[in-house]
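Thank you all for coming; I would like to take a few minutes to walk through one structure with you, starting with its surface and ending with the overall fold.

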Amino acid sequence: MAQRRWWYVRYMDDILVLAPTRWKLRAAIMAVNQEMANLRVRQHPDKTTIGRIARGFDFLGYRFSTAGLAVAWQTVERCVARICLLYEQGAAMSRIGDYVRRWVRGWRDSGQQSILYRSVRLRPIQ
């Protein structure tokens, strides 16, 4: 991909391909789709996105945009959903607090503390 001026990042089963022009992106998509077909791997339609970088995109729990790097809103929603589930299952408040502390510590230890506090503003559940 580097020979064709495409940028490629992969983590586990997540793939991100960036190309400088629409035409190079189309060629990259064809190449990736061909390779996935050869490997007999299917893409999940809900997890496949094609678009301009300027519009921003989510990858590995982060939101990349022209405004900078932030925690993806879907990541926060999953955390809140897990907290609600723990509460509904009757978990002790100490267990819920431990979960929240571990979640925040995970973002803090990843070097994204300022990103976490700038981008995550939990709203009350209505």
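Before I point at anything, a patch here is built from residues with over 30% relative accessible area and no salt bridge, where like charges are joined within 9 Å and nonpolar side chains (Val, Leu, Ile, Met, Phe, Trp, Tyr) within 5 Å. A salt bridge means a side-chain nitrogen of Lys or Arg within 4 Å of a carboxyl oxygen of Asp or Glu. This is a predicted model, in which local features need pLDDT of at least 70 and side-chain atom pairs count only at pLDDT 80 or more, while totals for chains, interfaces and linings use all residues. Residues are numbered from 1 along each chain as its sequence is written, and side-chain values use heavy atoms, leaving out hydrogens and water.

With that in place, Arg22, Arg26, Arg52 and Arg55 form a positive surface patch, Lys and Arg counting as positive, Asp and Glu as negative, and His and the chain ends not being counted; each charge is placed at NZ of Lys, CZ of Arg, CG of Asp or CD of Glu. Arg26 belongs to helix α1, residues 22–38, helices being DSSP runs of H or I with at least four residues and strands runs of E with at least two, numbered from the N terminus. Arg26 counts as partly exposed because its relative accessibility is 46%, between the limits for buried (under 20%) and exposed (over 50%), with a 1.4 Å probe and protein chains only.

Tyr11, Met12 and Leu60 make a nonpolar surface patch of about 350 Å², and Leu60 sits in the loop between β3 (57–59) and β4 (62–65).

Overall, the protein has three helices and five strands, in the order β-β-α-β-β-β-α-α along the sequence.

Technical notes
Areas by Shrake-Rupley, 256 points an atom, 1.4 Å probe, with all protein chains shown as cover.
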